[in-house]
Amino acid sequence: MKFTLSWLKEHLDTDAPLAEIADKLTMIGLEVEKIENPAEKYAPFKVVEVISAVQHPNADRLRVCMVNTGEGKPLQIVCGAPNARGGMKAVLGLPGTYIPSKDITLKVGKIRDVESQGMLISGAEIEFNDDHSGIIEMPADAPVGVPFAEVLGLNDPIIEINLTPNRADCTAVSGIARDLGATGIGKYLERTPKPVKGTFPCPVNVTLDFGDTPSLCPGFALRLVRGVKNGPSPEWLQKRLTAIGLRPINALVDITNFMTYDRGRPLHVFDAKKVHGNLVVRRAKAGEELLALDGKTYKLDDSICVIADDKGVESLAGIMGGELSGCDENTTDVLIESALWEPINIAQTGRKLGINSDARYRFERGIDPNFMVPGLDLATQMVLDLCGGEPSESIVVGFTPPEDRPIDFPLSEVKRLAGLDVSLTEIKRILGNLGFFIAGNGPVVKVAVPSWRADVEGKADIVEEVVRIVGVDRVPLTPFERSDDQRKAVLTPIQNRTRKAKRALAARNLAEAVTWSFISKSDAQLFGGGQPELALANPIASDLSDMRPSLLPGLVAAIQRNADRGIPDAGLFEVGQIFKGDRPDDQFTAAAGLRHGLSRADGTGRHWANGNKAPDAFEAKADALAALAAAGAPMQALQIVPGGPAWLHPGRSGTIQIGPQNVLGHFGELHPRALEALKADGPIVGFEVILDRIPEPKAKATRAKPALELSAFQPVSRDFAFIVDKAVKAADLVRAAQNADKKLITAVTVFDVYEGKGIEPGKKSIALAVTIQPREKTMTDAEIDALAGKIVAEVGKRTNGVLRS
């Protein structure tokens with residue numbers, strides 16, 4: 001919303017400086033986006049008199065001008081403008097002046113061997129207007145040496161504010177002035193329009209015809225003014241519109257634009273001689289079209305509200321008028337329309353047709369219904385003042401004044417919700433200046449909401465009005481209560497796990513991706529989904545028909561798109577929702593990642609240091625374990641089981657679990673059949689783990705970490721090699737060795753697995769490295785041997801393994 005300072009002062013009597021007004025606007029919620037002062041912008045460009053303009057000796061289209069700057073001897077300027085001539089007043093830019101449209105700084109130079117000491121300026125060159133056909137011609141009586149902006153009255157600062165959608169009343173300069181007046185920075189000047197008495201009946205009737213459908217027009221007012229003389233609007237009106245970026249067209253159109261910004265009351269004017277018969281407000285019919293004022297033809301349907309005559313559609317209701325019934329210099333009789341429109345329908349029509357007009361901006365937010373008829377009177381009076389003519393009586397159709405909206409307001413609400421002590425006197429002053437009516441002396445008063453404040457619905461809204469005018473800077477600082485009790489966590493466990501898993505995977509040289517939560521039915525079935533209850537009723541595309549049971553199909557598609565575009569070594573991960581059913585308990589948060597080409601944790605792409613080795617299932621395993629460790633999984637309790645679901649290669653995959661009943665996820669190389677179904681080139685390795693299935697850690701008595709316990713004694717390492725059946729898992733041996741003495745044994749790792757010569761068929765050798773950490777004393781050889789015997793016995797008991805000789 002743009003307006004000038006002088007325009008604001010038409011509605012606000014104030015002597016406050018611009019900076020104070022701007023600060024106050026922001027403080028009351030009308031945030032100032034920008035302030036422009038044309039006088040400062042155009043200050044370097046001054047009025048000069050062209051003494052003479054003679055033909056350039058070396059160029060047909062150039063002239064050599066001598067100009068009087070009012071300061072010393074005349075300057076020589078080379079100019080190519082066709083309107084440059086002796087005796088005219090023009091605008092000069094001296095050396096050192098910046099020209100915005102050309103992005104240059106002027107300097108003394110030679111043009112075709114003739115020195116030029118500056119530049120005579122066109123409007124387009126300094127972004128004053130769009131005219132680049134010639135230099136700016138100033139009035140003959142313009143004083144030489146004075147900034148041209150001052151001569152043209154362009155010393156009026158322009159203020160632009162950012163409005164929230166609920167403040168429809170401040171789409172008008174008068175509404176902004178009312179808010180400022182309530183702060184005490186000035187006095188709001190109430191300018192109630194006087195009724196205009198018609199001298200004859202309006203010859204055009206209006207009908208609201210919506211049949212059995214809801215009416216899209218809560219009210220419609222119309223008046224004919226005959227005998228008008230349309231032409232350019234007066235200078236003050238043109239300047240006001242030009243300042244805010246509107247192009248003056250003619251007096252009738254300029255009046256409607258002025259009313260839109262000045263009072264927030266969009267209107268429309270029809271050339272009465274171009275209207276055929278009476279007007280009807282209705283829904284458009286399928287196939288109807290309208291050539292609008294923007295020169296475009298719009299196809300309409302029955303969801304769009306229009307104003308039509310006996311010939312057809314003449315206007316898009318509340319958005320834009322039609323070209324065929326528009327006013328021009330030949331208009332002598334004019335119909336002025338002031339109506340109310342359904343805000344939601346206006347917004348829908350504007351979006352459907354792609355039209356953003358000033359009228360739509362206001363109507364879709366909701367305008368003051370009680371100003372419909374006064375707005376018509378005010379516009380009529382302006383037409384009479386600027387264009388002459390004779391008004392008819394007004395016609396009002398379908399309008400019912402809105403009911404009063406009284407609110408019982410306890411004065412204590414201001415203290416309760418805002419912490420402010422505001423007296424009843426001050427509350428009455430603030431609300432009264434904002435247009436509210438207050439009755440009663442407390443502790444509960446009745447507050448009547450003005451018709452232009454549709455956003456005020458309850459007690460909290462009234463508190464907000466008081467607080468923003470009093471000033472949010474007066475709201476007292478209230479510290480949070482602190483106690484010795486443990487503070488509750490801000491983030492939920494799954495939020496913490498999500499964030500930590502993302503950091504861990506990003507640290508392993510994977511890039512985060514966000515894919516659709518929908519996949520095709522065939523892909524969903526491939527990954528264990530595709531149930532009827534997970535099919536979308538109204539999918540946005542045929543290949544996005546089902547909720548995803550896994551993150552991997554979307555990541556595979558993203559990996560393939562990268563490969564198709566010349567990025568074969570992509571490594572991607574995603575943390576998001578997967579769906580196993582339609583119940584809340586069937587929705588899980590999963591973390592998944594894929595590697596393709598030469599994407600590895602220690603570097604991506606071909607490089608002599610990594611041997612150009614492609615990632616394998618163990619790389620995916622490391623990714624999965626990194627995500628689980630970061631998310632807080634009990635790593636010592638995890639079990640790695642060979643194999644996985646059907647979409648993984650049976651010999652190059654594994655399952656991560658905490659016992660058979662709690663499977664956390666899978667890792668490995670994707671099965672060639674799965675890649676073929678997904679139309680992707682392999683090999684691709686990856687993983688998927690479900691973060692929701694990580695057990696919650698046991699509650700601790702304190703948030704402090706336990707003291708670090710370091711043993712003063714040297715650890716001892718012993719190696720064991722066991723012969724076991726080929727089906728025995730290495731993890732079973734590790735757990736058996738750990739169970740021999742959980743206090744002394746701190747680590748068990750597998751360092752060798754062997755099958756072949758020297759080992760019986762159906763058997764294998766698994767070698768373990770066991771770390772023994774004494775706590776109380778240095779262990780003797782006998783004690784170490786005794787513990788080693790316990791390890792051998794425990795492994796033999798649990799796995800039937802025997803010590804390899």
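Residues are numbered from 1 along each chain as its sequence is written, and side-chain values use heavy atoms, with hydrogens and water left out. Because the model is predicted, local features need pLDDT of at least 70 and side-chain atom pairs count only at pLDDT 80 or more, while totals for chains, interfaces and linings use all residues.

Rings of Phe, Tyr and Trp (its six-membered ring) pair if their centres lie within 6.5 Å, and planes under 30 degrees apart count as stacked, over 60 as edge-to-face and the rest as tilted. By this rule there are 9 aromatic pairs. One of them joins Tyr42 and Phe148 in a tilted arrangement, 5.4 Å centre to centre with 55° between the planes. Tyr42 lies in the loop between helix 3 (38–41) and strand 4 (46–55) and Phe148 in helix 4 (residues 148–151), so this pair ties together parts that are 106 residues apart in sequence; helices (H or I, at least four residues) and strands (E, at least two) are DSSP runs, numbered from the N terminus.

Tyr42, at 6% relative accessibility, is buried, and Phe148 is buried as well, at 0%, where buried means under 20% relative accessible area, exposed over 50% and partly exposed in between (1.4 Å probe, protein chains only). Phe148 also pairs edge-to-face with Phe128, at 5.4 Å centre to centre and 85° between the planes. Phe128, in the loop between strand 12 (119–120) and helix 4, is 20 residues from Phe148, and at 25% relative accessibility Phe128 is partly exposed.

Elsewhere, ring pairs link Trp7, Trp236 and Phe258 into a cluster.
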